[in-house]
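Please look over the sequence and the three-dimensional model below, and keep both in view while reading.

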Amino acid sequence: MSGLLKERTKMEYAYVLTTYYDGELFSTHRIHDFIDASEVWNSISDHGNAKEYATYNITDPTGKMFTKNFYSDGRVSVK
(Lines give C-alpha, C1' and ligand atoms only; values in the text may rest on other atoms or scores of the structure.)
Protein backbone atom coordinates (compact mmCIF):
# COMPACT_ATOMS: atom_id res chain seq x y z
CA MET A 1 0.00 0.00 0.00
CA SER A 2 2.79 2.48 0.77
CA GLY A 3 4.16 2.04 -2.77
CA LEU A 4 0.77 3.00 -4.16
CA LEU A 5 0.68 6.11 -1.97
CA LYS A 6 4.17 7.12 -3.10
CA GLU A 7 3.18 6.68 -6.73
CA ARG A 8 -0.03 8.67 -6.25
CA THR A 9 1.82 11.52 -4.53
CA LYS A 10 4.42 11.56 -7.31
CA MET A 11 1.72 11.86 -9.99
CA GLU A 12 -0.19 14.63 -8.19
CA TYR A 13 2.79 16.94 -7.86
CA ALA A 14 3.26 19.20 -10.84
CA TYR A 15 5.42 22.00 -12.09
CA VAL A 16 4.18 25.16 -10.41
CA LEU A 17 4.39 28.50 -12.20
CA THR A 18 3.79 31.65 -10.14
CA THR A 19 3.55 35.17 -11.49
CA TYR A 20 4.10 38.28 -9.39
CA TYR A 21 3.48 41.81 -10.65
CA ASP A 22 5.28 44.49 -8.65
CA GLY A 23 5.73 42.06 -5.75
CA GLU A 24 2.07 40.98 -5.53
CA LEU A 25 0.98 37.44 -6.42
CA PHE A 26 -0.95 37.58 -9.68
CA SER A 27 -1.42 33.90 -10.58
CA THR A 28 -0.43 30.33 -9.85
CA HIS A 29 -0.64 27.50 -12.37
CA ARG A 30 0.06 23.79 -11.97
CA ILE A 31 1.38 22.09 -15.08
CA HIS A 32 1.62 18.30 -15.01
CA ASP A 33 3.73 17.70 -18.12
CA PHE A 34 7.40 18.66 -18.54
CA ILE A 35 6.99 19.59 -22.21
CA ASP A 36 4.03 21.88 -21.47
CA ALA A 37 5.88 23.45 -18.53
CA SER A 38 8.98 24.14 -20.61
CA GLU A 39 6.94 25.64 -23.46
CA VAL A 40 5.14 27.99 -21.07
CA TRP A 41 8.41 28.91 -19.31
CA ASN A 42 10.16 29.63 -22.61
CA SER A 43 7.26 31.78 -23.84
CA ILE A 44 7.59 34.27 -20.95
CA SER A 45 9.38 37.26 -22.41
CA ASP A 46 8.23 40.56 -20.88
CA HIS A 47 6.87 42.34 -17.79
CA GLY A 48 3.23 41.67 -18.71
CA ASN A 49 0.78 43.95 -16.90
CA ALA A 50 3.24 45.01 -14.19
CA LYS A 51 3.93 48.70 -13.67
CA GLU A 52 7.59 48.25 -12.68
CA TYR A 53 8.58 44.57 -12.78
CA ALA A 54 7.28 41.02 -13.09
CA THR A 55 8.73 37.97 -11.39
CA TYR A 56 8.03 34.51 -12.77
CA ASN A 57 8.97 31.40 -10.78
CA ILE A 58 8.73 27.80 -11.88
CA THR A 59 9.27 24.99 -9.41
CA ASP A 60 9.96 21.48 -10.66
CA PRO A 61 8.79 18.26 -8.97
CA THR A 62 12.07 18.01 -7.02
CA GLY A 63 11.48 21.44 -5.46
CA LYS A 64 14.11 23.33 -7.49
CA MET A 65 12.98 26.83 -8.41
CA PHE A 66 13.95 28.92 -11.43
CA THR A 67 13.21 32.66 -11.60
CA LYS A 68 12.88 35.26 -14.35
CA ASN A 69 12.53 39.00 -13.62
CA PHE A 70 11.46 41.45 -16.29
CA TYR A 71 11.55 45.20 -15.65
CA SER A 72 9.57 47.88 -17.43
CA ASP A 73 12.84 49.60 -18.44
CA GLY A 74 13.91 46.49 -20.38
CA ARG A 75 16.25 44.87 -17.85
CA VAL A 76 16.03 41.08 -17.47
CA SER A 77 17.49 38.74 -14.85
CA VAL A 78 17.29 34.95 -14.80
CA LYS A 79 18.29 32.72 -11.88
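Helices (H or I, at least four residues) and strands (E, at least two) are DSSP runs, numbered from the N terminus. Read in that way from the N terminus on, the elements of the protein chain follow the order α-β-β-α-β-β-β, which gives two helices and five strands. The model is a predicted one, in which local features need pLDDT of at least 70 and side-chain atom pairs count only at pLDDT 80 or more, while totals for chains, interfaces and linings use all residues. Residues are numbered from 1 along each chain as its sequence is written, and side-chain values use heavy atoms, with hydrogens and water left out.

**The chain as a whole**

- A residue is called buried under 20% relative accessible area, exposed over 50% and partly exposed in between (1.4 Å probe, protein chains only), and buried residues make up 30% of the 79 residues in the protein chain.
- By the Shrake-Rupley method with a 1.4 Å probe, where for residues only the protein chains shown count as cover, the protein chain exposes about 5,700 Å², and carbon and sulfur atoms supply 54% of that area.
- Contact means heavy atoms within 4.5 Å, and among the contacts in the protein chain with a separation of 6 or more, 39% are between residues 24 or more positions apart.

**The nonpolar core**

- A nonpolar core is a set of buried Ala, Val, Leu, Ile, Met, Phe, Trp, Tyr and Cys residues joined through side-chain atoms within 4.5 Å.
- The largest nonpolar core here has twelve residues, namely Y15, L17, Y21, I31, A37, W41, I44, A50, A54, Y56, I58 and F70.
- Strand 1 (15-21), helix 2 (34-43) and strand 3 (53-59) each supply at least two residues of this core.
- In soluble globular proteins, nonpolar side chains tend to be buried together.
- Leaving aside residues up to four places away in sequence, I31, one of the core residues, touches A14, Y15, D36, A37 and V40.

**Aromatic rings and charges over them**

- Rings of Phe, Tyr and Trp (its six-membered ring) pair if their centres lie within 6.5 Å, and planes under 30 degrees apart count as stacked, over 60 as edge-to-face and the rest as tilted; a search of the whole structure finds four such pairs.
- One of these is the tilted pair of Y21 and F26, with 4.5 Å centre to centre and 35° between the planes, and Y21 counts as buried because its relative accessibility is 15%.
- Another is the edge-to-face pair of Y56 and F70, with 5.9 Å centre to centre and 75° between the planes; this pair links distant parts of the chain, since Y56 is in strand 3 and F70 in strand 4, 14 residues apart.
- Y56 is buried because its relative accessible area is 7%, and F70 is buried because its relative accessible area is 7%.
- A charge sits over a ring if NZ of Lys or CZ of Arg is within 6 Å of the ring centre and within 35 degrees of the ring normal; the charged end of K68 sits in this way over the ring of W41, 4.8 Å from its centre, and that of R75 over the ring of Y71, 4.1 Å from its centre.

**N69 in strand 4**

- N69 has its place in strand 4 (residues 65-71), and it counts as buried because its relative accessibility is 10%.
- A polar contact is a pair of N or O atoms within 3.5 Å, and within protein one must be able to donate a hydrogen and the other to accept it, while residues adjacent in sequence count only if both atoms are side-chain atoms; the side chain of N69 makes one with the side chain of T55 (2.6 Å).
- Not counting residues up to four places away in sequence, N69 touches A54, T55, R75, V76 and S77.

- D46 is found in the loop between helix 2 and strand 3, and it is partly exposed because its relative accessible area is 43%.
- The side chain of D46 reaches the backbone nitrogen of G48 at 2.9 Å, and, apart from neighbours within four places in sequence, D46 is in contact with Y56 and F70.
- D22 is found in the loop between strand 1 and strand 2, and it has a positive phi of about 50° although it is not a glycine.
- Most residues other than glycine have a negative phi, and most peptide bonds are trans.
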